[in-house]
Amino acid sequence: MHGPRPNSHLKEDIRDYWSRRSETFDLAFGHRIPEGPEFDAWAAAIRERLGPEPRRVLELACGTGEVTRLLLSLGHEVTALDFSEAMLAVARKKHAGARGLRFLLADAENPMEPDESYDAIVCRHLVWTLTTPATAFAEWHRMLKSGGLLLFFDGDWAAPTRLGRLASRAIAMLDKVVGTDPHYDGAMSERHASIMERLPFGDGLTVERVLPLLEAAGFRDMTVGSHAPIAKAQRRTADLRNRLRTLLYRRFILCCRRAPAPPSA
Ligand SMILES: C[S@@+](CC[C@H](N)C(=O)[O-])C[C@H]1O[C@@H](n2cnc3c(N)ncnc32)[C@H](O)[C@@H]1O
């Protein structure tokens, strides 16, 4: 029987999609974080928000361990979680022997870590693919210590911006002239599209949509930062097609906090 798969299979489809991409994930632009200006820009964005002190960090959806590398370089103690064995295998190999690092095979929407056990939760490119965002945010809030930080990097991948539409046309022209890039996300676009249409944020993850959900989960002190310094750093070393890719989507950096516990009477 053909036709769209029911929603109960959504999470398995997401896991399978990423597992199949694990071997080539780092080859697609925007995933691997090369040493140099791009690494420095990501590190600055994290340091600015988490502060200079070493923290106990839960990294959700670590994938191949690129953000993990940043967190370790900043001196944090990291639990790096993903629900894809294949992704974790790549990350484990990359960080073999690293100190202050623990890997965890678990669902980011229900990690089952103890209450109030982390100073910070960090993730890149996970929130758009949550199947039950409100429940996940409540779980993340529960695992943070009082005053703990949630920091995530994400974007609205459903539709390019106006400038992005122009960039997209230019990329299509380049694809015709020099051939397509087999590693870019679009290479599995049918499967990607079938997942997107079943996701709560499949029609767009925006700050306006996510803020009320975070607030309802108990988060406070929301700040929204710009991805522009990172994109600018990427353009310093990327080729023309990838420079154009930095213009496609509206991206943002969101940081908020579990409210400090009121002083006991
Ligand atoms: C776009 S990749 C991002 C990987 C990494 N955060 C990075 O930025 O390089 C998405 C990752 O999220 C993981 N993922 C998606 N949903 C998840 C969930 N519910 N629980 C755990 N991992 C999840 C996938 O297995 C994949 O490794």
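**Around helix α3**

Hi everyone, let's start with α3, which is mostly covered: of its eight residues, six are buried, where buried means that 20 or more other C-beta atoms, placed from the backbone, lie within 10 Å of a residue's own. Helices here are DSSP runs of H or I with at least four residues, strands are E runs of at least two, and both are numbered from the N terminus. This is a predicted model, so local features need pLDDT of at least 70 and side-chain atom pairs count only at pLDDT 80 or more, while totals for chains, interfaces and linings use all residues. Residues are numbered from 1 along each chain as its sequence is written.

The buried residues of α3 are Val67, Thr68, Arg69, Leu70, Leu71 and Leu72. What covers them? Among the elements doing so are α2 (37-50), β1 (56-59) and α4 (85-94), with contact meaning C-beta atoms, placed from the backbone, within 7 Å. Just after α3, Gly75 has a positive phi of about 90°.

Now the strands. β2 and β3 run parallel, joined by five bridges; strands pair if DSSP finds at least two bridges between them. From β2 the chain passes through α4 to β3, in a right-handed β-α-β crossover, that is, clockwise from the first strand over the helix to the second, with the strands pointing away from the viewer.

Finally, the ligand. It is surrounded by 20 residues, and the closest include Ala61, Gly63 and Phe83; near means a C-beta atom, placed from the backbone, within 6 Å. α3 comes back here: α1 (10-21), α3 (66-73) and β4 (118-124) each supply at least two residues of that shell.

Key
A residue is buried if 20 or more other C-beta atoms lie within 10 Å of its own, exposed if 12 or fewer, and partly exposed in between; C-beta atoms are placed from the backbone. Two residues are in contact if their C-beta atoms, placed from the backbone, lie within 7 Å.
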